[in-house]
Amino acid sequence: MFKAILKIIGFGAKGVIKGSIAALIQSKIVIVKAGSLFAKLTSLAMRA
């Protein structure tokens, strides 16, 4: 269920989904730091 929520927000199996809320957030962050919440959510969504 958590993975479904991530996908709705815009964190997909291949990375951030174009046009999503996550993409908008990423555009505002500009440089995503390793270990940040955004990076962790991206990693979780990309796991098989």
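Let's start at an outward-facing spot: Val30 is exposed, because its relative accessible area is 64% (exposed means over 50%, buried under 20% and partly exposed in between, with a 1.4 Å probe and protein chains only). Val30 sits in the loop between H2 and helix H3 (37-46), where helices (H or I, at least four residues) and strands (E, at least two) are DSSP runs numbered from the N terminus. What is the phi of Val30? It is positive, about 70 degrees, although Val30 is not a glycine. Most residues other than glycine have a negative phi.

A word on the model itself. This is a predicted model, in which local features need pLDDT of at least 70 and side-chain atom pairs count only at pLDDT 80 or more, while totals for chains, interfaces and linings use all residues. Residues are numbered from 1 along each chain as its sequence is written, and side-chain values use heavy atoms, leaving out hydrogens and water.

Stepping back to the whole fold, you will find three helices and two strands, arranged along the sequence as α-β-β-α-α. The C-alpha trace spans about 25 × 25 × 15 Å along its principal axes. Of the 48 residues, 25% count as buried. Contact here means heavy atoms within 4.5 Å; among contacts between residues at least 6 apart in sequence, 47% join residues at least 24 apart.

The largest nonpolar core has six residues: Leu6, Phe11, Ala22, Phe38, Leu41 and Ala45. Such a core is a set of buried Ala, Val, Leu, Ile, Met, Phe, Trp, Tyr and Cys residues joined through side-chain atoms within 4.5 Å. H3 gives the most to this core, with three residues. Leaving aside residues up to four places away in sequence, Ala45 touches Lys3, Leu6, Phe11, Gly12 and Ala13. Thr42 also lies in helix H3 and counts as buried because its relative accessibility is 15%.

Ile25, found in helix H2 (residues 21-29), counts as partly exposed because its relative accessibility is 39%.
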